[in-house]
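Here are my comments on this one, written to be read with the model open beside you. Have a look at it first, then come back.

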Amino acid sequence: FARMFVQVCLYFYCKCLWRCLKFVVRKLTGRCELQRICYSTKPGAARTMKIEASLKSSKSKRLQTSVSVHPDAIEKTIDDIMELKRINPDINPQLGVSLQACLLQIVGYRNLIAEVEKLRREPYDSENPQHEEMLLKLWKCLKPNSPLKARISKQWCEIGFQGDDPKTDFRGMGLLGLYNLVYFAEWDTEIAQQVLSDSLQPKYREVTKKEISQFSKAEWEKKKFDKAIGYSFAIVGINITDLAYNLLVSGALKTHFYNVAPEAPTLTHFQQTFCYLMHEFHKFWIEEDPLDIMEFNRVREKFHKRILKQLQNPEMALCPHFAASESLINM
(Lines give C-alpha, C1' and ligand atoms only; values in the text may rest on other atoms or scores of the structure.)
Protein backbone atom coordinates (compact mmCIF):
# COMPACT_ATOMS: atom_id res chain seq x y z
CA PHE A 1 0.00 0.00 0.00
CA ALA A 2 2.80 2.40 0.91
CA ARG A 3 4.52 1.72 -2.41
CA MET A 4 1.28 2.32 -4.32
CA PHE A 5 0.70 5.57 -2.41
CA VAL A 6 4.20 6.81 -3.27
CA GLN A 7 3.70 5.92 -6.95
CA VAL A 8 0.38 7.78 -7.06
CA CYS A 9 1.97 10.82 -5.44
CA LEU A 10 4.86 10.76 -7.91
CA TYR A 11 2.47 10.44 -10.83
CA PHE A 12 0.39 13.36 -9.55
CA TYR A 13 3.53 15.42 -9.00
CA CYS A 14 4.91 14.70 -12.47
CA LYS A 15 1.63 15.23 -14.29
CA CYS A 16 0.26 18.21 -12.41
CA LEU A 17 2.41 19.93 -9.81
CA TRP A 18 5.62 19.77 -11.87
CA ARG A 19 3.94 21.25 -14.94
CA CYS A 20 2.36 23.97 -12.81
CA LEU A 21 5.74 24.72 -11.26
CA LYS A 22 7.37 25.00 -14.68
CA PHE A 23 4.58 27.36 -15.83
CA VAL A 24 5.08 29.60 -12.78
CA VAL A 25 8.88 29.65 -13.20
CA ARG A 26 8.51 30.56 -16.87
CA LYS A 27 6.22 33.45 -16.01
CA LEU A 28 8.64 34.68 -13.34
CA THR A 29 11.84 34.33 -15.39
CA GLY A 30 10.48 34.85 -18.89
CA ARG A 31 12.33 31.71 -20.00
CA CYS A 32 11.17 28.18 -20.80
CA GLU A 33 12.87 25.14 -19.29
CA LEU A 34 15.09 24.59 -22.34
CA GLN A 35 16.34 28.17 -22.10
CA ARG A 36 17.03 27.87 -18.39
CA ILE A 37 19.01 24.65 -18.90
CA CYS A 38 21.13 26.07 -21.73
CA TYR A 39 21.84 29.33 -19.93
CA SER A 40 22.58 27.88 -16.49
CA THR A 41 24.32 24.56 -17.26
CA LYS A 42 27.72 24.30 -18.89
CA PRO A 43 28.02 22.20 -22.07
CA GLY A 44 28.67 18.50 -21.85
CA ALA A 45 26.83 15.61 -20.24
CA ALA A 46 25.14 17.72 -17.56
CA ARG A 47 23.46 19.97 -20.13
CA THR A 48 22.70 17.37 -22.78
CA MET A 49 21.14 14.90 -20.34
CA LYS A 50 18.92 17.63 -18.87
CA ILE A 51 17.83 18.70 -22.36
CA GLU A 52 17.13 15.06 -23.25
CA ALA A 53 15.04 14.52 -20.11
CA SER A 54 13.13 17.77 -20.69
CA LEU A 55 12.25 16.88 -24.28
CA LYS A 56 11.20 13.32 -23.41
CA SER A 57 8.97 14.47 -20.55
CA SER A 58 7.28 17.21 -22.57
CA LYS A 59 3.53 16.99 -23.14
CA SER A 60 4.14 17.95 -26.78
CA LYS A 61 4.60 15.01 -29.16
CA ARG A 62 6.77 17.18 -31.41
CA LEU A 63 9.20 17.73 -28.57
CA GLN A 64 9.11 14.08 -27.49
CA THR A 65 9.99 12.86 -30.99
CA SER A 66 12.74 15.45 -31.48
CA VAL A 67 15.23 13.14 -29.73
CA SER A 68 14.83 10.50 -32.44
CA VAL A 69 14.85 12.51 -35.67
CA HIS A 70 17.28 11.90 -38.53
CA PRO A 71 20.50 13.94 -38.19
CA ASP A 72 19.66 15.79 -41.42
CA ALA A 73 16.39 16.99 -39.85
CA ILE A 74 17.94 18.49 -36.72
CA GLU A 75 18.07 22.07 -38.03
CA LYS A 76 14.39 21.90 -38.99
CA THR A 77 13.62 20.38 -35.58
CA ILE A 78 15.37 23.27 -33.82
CA ASP A 79 13.24 25.74 -35.80
CA ASP A 80 10.11 23.81 -34.78
CA ILE A 81 11.14 23.86 -31.10
CA MET A 82 11.82 27.60 -31.19
CA GLU A 83 8.47 28.20 -32.85
CA LEU A 84 6.58 25.94 -30.45
CA LYS A 85 8.20 27.57 -27.42
CA ARG A 86 7.67 31.05 -28.92
CA ILE A 87 11.35 31.89 -28.70
CA ASN A 88 12.64 34.62 -31.01
CA PRO A 89 15.84 33.25 -32.62
CA ASP A 90 17.09 36.78 -33.36
CA ILE A 91 16.99 37.64 -29.64
CA ASN A 92 18.29 34.19 -28.58
CA PRO A 93 20.81 33.21 -31.30
CA GLN A 94 23.00 31.16 -28.96
CA LEU A 95 20.08 29.01 -27.81
CA GLY A 96 19.65 27.45 -31.24
CA VAL A 97 23.38 26.62 -31.41
CA SER A 98 23.32 25.02 -27.96
CA LEU A 99 20.18 23.01 -28.68
CA GLN A 100 21.62 21.80 -31.96
CA ALA A 101 24.80 20.56 -30.24
CA CYS A 102 22.72 18.69 -27.65
CA LEU A 103 20.42 17.12 -30.25
CA LEU A 104 23.38 16.01 -32.36
CA GLN A 105 24.73 14.16 -29.32
CA ILE A 106 21.35 12.67 -28.36
CA VAL A 107 20.49 11.50 -31.88
CA GLY A 108 24.09 10.39 -32.46
CA TYR A 109 24.03 8.20 -29.36
CA ARG A 110 20.88 6.43 -30.58
CA ASN A 111 22.43 5.92 -34.02
CA LEU A 112 25.64 4.62 -32.47
CA ILE A 113 23.68 1.97 -30.57
CA ALA A 114 22.10 0.88 -33.87
CA GLU A 115 25.51 0.74 -35.61
CA VAL A 116 27.12 -1.23 -32.78
CA GLU A 117 24.13 -3.60 -32.61
CA LYS A 118 24.41 -4.27 -36.35
CA LEU A 119 28.07 -5.26 -35.99
CA ARG A 120 27.28 -7.41 -32.96
CA ARG A 121 24.61 -9.32 -34.87
CA GLU A 122 26.79 -9.94 -37.94
CA PRO A 123 28.55 -13.30 -37.53
CA TYR A 124 32.15 -13.86 -38.53
CA ASP A 125 32.25 -15.47 -41.98
CA SER A 126 35.46 -17.24 -42.95
CA GLU A 127 34.29 -17.14 -46.58
CA ASN A 128 34.24 -13.34 -46.50
CA PRO A 129 37.63 -11.94 -47.64
CA GLN A 130 37.17 -8.74 -45.60
CA HIS A 131 36.57 -10.68 -42.41
CA GLU A 132 39.61 -12.86 -43.05
CA GLU A 133 41.74 -9.81 -43.84
CA MET A 134 40.82 -8.20 -40.52
CA LEU A 135 41.62 -11.39 -38.62
CA LEU A 136 45.05 -11.65 -40.25
CA LYS A 137 45.67 -7.96 -39.52
CA LEU A 138 45.05 -8.68 -35.84
CA TRP A 139 47.78 -11.31 -35.87
CA LYS A 140 50.24 -9.07 -37.74
CA CYS A 141 49.71 -6.18 -35.32
CA LEU A 142 50.13 -8.32 -32.21
CA LYS A 143 52.83 -10.70 -33.48
CA PRO A 144 54.72 -8.77 -36.20
CA ASN A 145 57.85 -10.89 -35.84
CA SER A 146 56.10 -14.28 -35.87
CA PRO A 147 54.55 -15.15 -39.25
CA LEU A 148 51.35 -17.17 -39.10
CA LYS A 149 52.17 -20.60 -40.54
CA ALA A 150 48.61 -21.48 -41.51
CA ARG A 151 45.09 -20.06 -41.32
CA ILE A 152 44.03 -22.97 -39.10
CA SER A 153 46.79 -23.19 -36.53
CA LYS A 154 47.58 -23.70 -32.86
CA GLN A 155 49.38 -20.35 -33.07
CA TRP A 156 46.09 -18.53 -32.52
CA CYS A 157 46.28 -19.65 -28.89
CA GLU A 158 49.37 -17.44 -28.53
CA ILE A 159 47.15 -14.33 -28.73
CA GLY A 160 44.43 -15.77 -26.56
CA PHE A 161 41.99 -17.64 -28.79
CA GLN A 162 40.65 -20.97 -27.56
CA GLY A 163 41.41 -23.22 -30.52
CA ASP A 164 42.88 -23.58 -33.98
CA ASP A 165 40.26 -21.39 -35.66
CA PRO A 166 39.31 -18.05 -34.02
CA LYS A 167 36.00 -17.76 -35.91
CA THR A 168 34.23 -19.86 -33.26
CA ASP A 169 35.22 -17.39 -30.51
CA PHE A 170 33.37 -14.48 -32.13
CA ARG A 171 29.92 -16.02 -31.73
CA GLY A 172 28.93 -13.94 -28.70
CA MET A 173 29.84 -10.50 -30.02
CA GLY A 174 29.99 -11.14 -33.76
CA LEU A 175 32.12 -8.78 -35.84
CA LEU A 176 32.05 -6.18 -33.06
CA GLY A 177 34.57 -8.22 -31.05
CA LEU A 178 36.93 -8.43 -34.02
CA TYR A 179 36.52 -4.74 -34.88
CA ASN A 180 37.47 -3.74 -31.34
CA LEU A 181 40.44 -6.07 -31.08
CA VAL A 182 41.84 -4.90 -34.42
CA TYR A 183 41.35 -1.25 -33.47
CA PHE A 184 43.18 -1.79 -30.17
CA ALA A 185 46.01 -3.69 -31.84
CA GLU A 186 46.35 -1.20 -34.71
CA TRP A 187 45.99 2.16 -32.93
CA ASP A 188 47.28 1.34 -29.45
CA THR A 189 49.82 -1.20 -30.70
CA GLU A 190 52.45 -0.72 -27.99
CA ILE A 191 49.94 -1.02 -25.15
CA ALA A 192 48.13 -3.94 -26.82
CA GLN A 193 51.37 -5.87 -27.27
CA GLN A 194 52.37 -5.14 -23.66
CA VAL A 195 49.01 -6.32 -22.33
CA LEU A 196 49.29 -9.47 -24.44
CA SER A 197 52.82 -10.12 -23.18
CA ASP A 198 51.81 -9.57 -19.55
CA SER A 199 48.82 -11.89 -19.87
CA LEU A 200 51.13 -14.72 -20.92
CA GLN A 201 53.74 -14.28 -18.19
CA PRO A 202 53.77 -16.42 -15.03
CA LYS A 203 54.01 -14.51 -11.78
CA TYR A 204 56.21 -15.70 -8.94
CA ARG A 205 54.46 -16.59 -5.69
CA GLU A 206 55.68 -17.60 -2.29
CA VAL A 207 55.55 -21.31 -1.54
CA THR A 208 54.80 -22.36 2.02
CA LYS A 209 56.91 -24.84 3.99
CA LYS A 210 53.97 -27.19 4.04
CA GLU A 211 53.84 -27.18 0.23
CA ILE A 212 57.60 -27.75 0.00
CA SER A 213 57.26 -30.88 2.13
CA GLN A 214 54.52 -32.22 -0.14
CA PHE A 215 56.26 -31.84 -3.49
CA SER A 216 59.45 -32.99 -5.14
CA LYS A 217 62.03 -30.35 -6.15
CA ALA A 218 60.79 -30.32 -9.75
CA GLU A 219 57.18 -29.94 -8.67
CA TRP A 220 58.16 -27.22 -6.21
CA GLU A 221 59.96 -25.23 -8.93
CA LYS A 222 56.84 -25.48 -11.07
CA LYS A 223 54.60 -24.42 -8.19
CA LYS A 224 56.63 -21.25 -7.66
CA PHE A 225 55.48 -19.99 -11.04
CA ASP A 226 52.07 -21.53 -11.46
CA LYS A 227 50.19 -18.36 -10.57
CA ALA A 228 49.97 -16.59 -13.92
CA ILE A 229 48.84 -13.01 -14.45
CA GLY A 230 47.11 -15.27 -16.75
CA TYR A 231 44.18 -14.72 -19.04
CA SER A 232 43.48 -15.27 -22.73
CA PHE A 233 43.99 -11.88 -24.38
CA ALA A 234 41.56 -12.30 -27.31
CA ILE A 235 38.83 -13.95 -25.23
CA VAL A 236 39.07 -11.23 -22.59
CA GLY A 237 38.95 -8.62 -25.39
CA ILE A 238 35.67 -10.10 -26.62
CA ASN A 239 34.40 -10.17 -23.03
CA ILE A 240 35.32 -6.49 -22.50
CA THR A 241 33.55 -5.75 -25.79
CA ASP A 242 30.45 -7.23 -24.18
CA LEU A 243 30.97 -5.00 -21.14
CA ALA A 244 31.34 -1.89 -23.34
CA TYR A 245 28.26 -2.90 -25.34
CA ASN A 246 26.14 -3.23 -22.19
CA LEU A 247 27.37 0.13 -20.90
CA LEU A 248 26.36 1.68 -24.22
CA VAL A 249 22.91 0.08 -24.51
CA SER A 250 22.03 0.80 -20.87
CA GLY A 251 22.79 4.49 -21.40
CA ALA A 252 25.61 4.51 -18.86
CA LEU A 253 28.10 5.73 -21.49
CA LYS A 254 26.06 8.86 -22.19
CA THR A 255 28.01 10.66 -19.47
CA HIS A 256 31.31 9.84 -21.15
CA PHE A 257 30.26 10.39 -24.77
CA TYR A 258 28.39 13.63 -24.10
CA ASN A 259 31.56 14.96 -22.46
CA VAL A 260 34.03 13.87 -25.15
CA ALA A 261 32.08 14.06 -28.42
CA PRO A 262 31.48 17.68 -29.46
CA GLU A 263 28.71 16.52 -31.76
CA ALA A 264 27.51 13.00 -32.54
CA PRO A 265 29.45 10.15 -30.89
CA THR A 266 30.77 7.71 -33.49
CA LEU A 267 32.00 4.13 -33.69
CA THR A 268 35.53 5.48 -33.26
CA HIS A 269 34.53 6.96 -29.88
CA PHE A 270 33.18 3.54 -28.89
CA GLN A 271 36.40 1.80 -29.99
CA GLN A 272 38.54 4.34 -28.12
CA THR A 273 36.46 3.60 -25.04
CA PHE A 274 37.08 -0.12 -25.57
CA CYS A 275 40.85 0.52 -25.67
CA TYR A 276 40.59 2.41 -22.39
CA LEU A 277 38.55 -0.38 -20.78
CA MET A 278 41.03 -3.04 -21.92
CA HIS A 279 43.96 -1.13 -20.48
CA GLU A 280 42.16 -0.34 -17.23
CA PHE A 281 40.88 -3.90 -16.81
CA HIS A 282 44.40 -5.23 -17.24
CA LYS A 283 45.66 -2.96 -14.46
CA PHE A 284 42.63 -3.83 -12.32
CA TRP A 285 43.25 -7.56 -12.83
CA ILE A 286 46.83 -7.19 -11.59
CA GLU A 287 45.70 -5.09 -8.60
CA GLU A 288 43.07 -7.69 -7.65
CA ASP A 289 45.75 -10.40 -7.78
CA PRO A 290 43.35 -13.31 -8.50
CA LEU A 291 44.47 -16.85 -7.81
CA ASP A 292 43.59 -18.04 -11.30
CA ILE A 293 41.34 -17.48 -14.31
CA MET A 294 38.43 -19.03 -12.42
CA GLU A 295 38.09 -15.69 -10.63
CA PHE A 296 37.55 -13.83 -13.89
CA ASN A 297 33.80 -13.31 -13.48
CA ARG A 298 34.24 -11.92 -9.97
CA VAL A 299 36.96 -9.50 -11.07
CA ARG A 300 34.99 -8.46 -14.16
CA GLU A 301 31.85 -7.74 -12.14
CA LYS A 302 33.82 -5.68 -9.64
CA PHE A 303 35.46 -3.75 -12.48
CA HIS A 304 32.04 -3.20 -14.10
CA LYS A 305 30.68 -1.70 -10.87
CA ARG A 306 33.69 0.59 -10.58
CA ILE A 307 33.16 1.94 -14.11
CA LEU A 308 29.43 2.42 -13.47
CA LYS A 309 30.21 4.40 -10.33
CA GLN A 310 32.62 6.63 -12.24
CA LEU A 311 30.01 7.27 -14.93
CA GLN A 312 27.50 8.51 -12.35
CA ASN A 313 29.57 11.69 -12.15
CA PRO A 314 28.23 14.08 -14.86
CA GLU A 315 31.73 15.53 -15.25
CA MET A 316 33.24 12.11 -16.02
CA ALA A 317 35.23 11.47 -19.18
CA LEU A 318 36.76 7.99 -19.15
CA CYS A 319 39.37 9.00 -21.73
CA PRO A 320 40.36 12.60 -20.87
CA HIS A 321 42.68 12.83 -23.87
CA PHE A 322 39.61 12.55 -26.12
CA ALA A 323 38.15 15.67 -24.49
CA ALA A 324 35.51 17.81 -26.16
CA SER A 325 36.74 20.39 -28.61
CA GLU A 326 36.81 24.13 -28.00
CA SER A 327 33.81 24.47 -30.30
CA LEU A 328 31.68 22.58 -27.76
CA ILE A 329 33.14 24.40 -24.77
CA ASN A 330 32.19 27.74 -26.32
CA MET A 331 28.58 26.73 -26.98
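This is a predicted model: local features need pLDDT of at least 70, side-chain atom pairs count only at pLDDT 80 or more; totals for chains, interfaces and linings use all residues.

1. Residues are numbered from 1 along each chain as its sequence is written, and side-chain values use heavy atoms, leaving out hydrogens and water.

2. Find helix α7 (residues 129–142) and helix α8 (residues 174–187), whose axes come within 9 Å and cross at roughly 35°. Helices here are DSSP runs of H or I with at least four residues, numbered from the N terminus. The axes are lines fitted to C-alpha atoms over the stretch in contact, with angles from 0 to 180 degrees between N-to-C directions. The crossing is left-handed (the near helix is turned anticlockwise from the far one by less than a right angle).

3. Who touches whom? In α7, H131, M134, L135, K137, L138, C141 and L142 meet L175, L178, Y179, L181, V182, A185 and E186 of α8, where contact means heavy atoms within 4.5 Å. By class, that makes eleven nonpolar, one polar and two charged residues (Ala, Val, Leu, Ile, Met, Phe, Trp, Tyr, Cys and Pro are nonpolar; Asp, Glu, Lys and Arg charged; the others, Gly among them, polar).

4. Now for backbone angles: most residues other than glycine have a negative phi. R86 isn't a glycine, yet its phi is positive, about 55°. You'll find R86 in the loop between α5 (74–84) and α6 (93–121), and at 76% relative accessibility it counts as exposed (over 50%, with a 1.4 Å probe, protein chains only).

5. D289, also not a glycine, has a positive phi near 50°. D289 sits in the loop between α14 (267–288) and α15 (296–311), and is partly exposed at 35% relative accessible area (between the 20% limit for buried and the 50% one for exposed).

Notes: Helices (H or I, at least four residues) and strands (E, at least two) are DSSP runs, numbered from the N terminus.
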